[in-house]
Amino acid sequence: MENTFKLDTGDNLFLSPHITSQTIIDLVQKLSKNELDFIVLEPKTPIKNSLYIQIIYGFSVELRLVLPNDEIRHYSYETENMNEVIT
């Protein structure tokens, strides 16, 4: 079964299959210009325990995991490299 996604920018909500690599590139570029505050990409079914990935202005990339014992782990990575974020 194919997983579906939603991508939320606060102002717009994109749903599978309308989320493309170009959509993500365009939105990250808007983040870099301070035209957006965040992007959240959320799979319908967690991927390797990942509930979502979030990118916040200034390129703070965050990942939230839920482990089998219902423990939540939150990881954050900061970079100034827009290409790294897109990848």
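**Figure 1. Pro43, a buried residue of strand S3 in a predicted model.** In this predicted model, Pro43 belongs to strand S3, which covers residues 38-43. Pro43 has a relative accessible area of 10% and is therefore buried, since a residue counts as buried when that value is under 20%. If residues up to four places away in sequence are not counted, Pro43 touches Asn3, Thr4 and Phe5, and it also touches Ser50, Leu51 and Tyr52. Asn81 stands 38 residues from Pro43 along the chain, and the C-alpha atoms of these two residues are separated by 25 Å.

**Figure 2. The whole chain, as a setting for the close-up views.** The chain contains two helices and six strands, and, read from the N terminus on, these elements follow one another as β-β-α-β-β-β-β-α. A compact globule of 87 residues would have a radius of gyration near 12 Å, and the chain, with 13 Å, agrees with that expectation. The C-alpha trace spans about 40 × 30 × 20 Å along its principal axes. Of the 87 residues, 25% are buried, while the accessible surface of the chain comes to about 6200 Å², with 51% of it belonging to carbon and sulfur atoms. Among the contacts with a separation of 6 or more, 29% are made by residues 24 or more positions apart.

**Figure 3. The largest nonpolar core.** Nonpolar side chains tend to be buried together in soluble globular proteins. In this chain, the largest nonpolar core has 11 residues in all, and among them are Leu7, Ile19, Ile39, Ile55, Phe59, Val61 and Val85. Helix H1, residues 21-32, gives the most to this core, with three residues. Val61, one of the core residues, is in contact with Ile53, Gln54, Ile55, Tyr75, Ser76, Tyr77 and Val85 when its neighbours within four places in sequence are left aside.

**Figure 4. Thr9 in the loop between two strands.** Thr9 lies in the loop that runs between strand S1, residues 5-8, and strand S2, residues 13-15. Although Thr9 is placed in a loop, its relative accessibility is 4%, and so Thr9 counts as buried. Leaving aside neighbours within four places in sequence, the residues in contact with Thr9 are Phe14, Leu27, Leu36 and Phe38. Two of these contacts, Leu27 and Leu36, are also members of the largest nonpolar core.

Figure 5. Most residues other than glycine have a negative phi, and most peptide bonds are trans. The bond that joins Ser16 and Pro17 is a cis peptide bond, with omega of about 0°, and Pro17 has its place in the loop between S2 and H1. Phe59 is not a glycine, yet it has a positive phi of about 60°; Phe59 is found in the loop between strand S4, residues 50-56, and strand S5, residues 60-66. Asp70, likewise not a glycine, has a positive phi of about 70°, and the place of Asp70 is in the loop between S5 and strand S6, residues 72-78.

**Figure 6. Ile56 in strand S4.** Ile56 has its place in strand S4 and is partly exposed, with a relative accessible area of 28%. Apart from neighbours within four places in sequence, Ile56 is in contact with Leu31, Asp37, Phe38 and Glu62. Glu78 is 22 residues from Ile56 in sequence, and in space the two are 9.5 Å apart, C-alpha to C-alpha.

**Figure 7. Thr87, after helix H2.** Thr87 is found in the segment that comes after helix H2, residues 82-86. With a relative accessibility of 87%, Thr87 counts as exposed, because the value is over the 50% that this term requires. Ser21 is 66 residues away from Thr87 in sequence, and yet the two residues are 9.6 Å apart in space, C-alpha to C-alpha.

How values were computed
Residues are numbered from 1 along each chain as its sequence is written. This is a predicted model: local features need pLDDT of at least 70, side-chain atom pairs count only at pLDDT 80 or more; totals for chains, interfaces and linings use all residues. Side-chain values use heavy atoms; hydrogens and water are left out. Helices (H or I, at least four residues) and strands (E, at least two) are DSSP runs, numbered from the N terminus. The radius of gyration is taken over C-alpha atoms; the globule rule is 2.2 Å times the number of residues to the power 0.38. Buried means under 20% relative accessible area, exposed over 50%, partly exposed in between (1.4 Å probe, protein chains only). Contact means heavy atoms within 4.5 Å. Accessible areas come from the Shrake-Rupley method with a 1.4 Å probe; for residues, only the protein chains shown count as cover. A nonpolar core is a set of buried Ala, Val, Leu, Ile, Met, Phe, Trp, Tyr and Cys residues joined through side-chain atoms within 4.5 Å.
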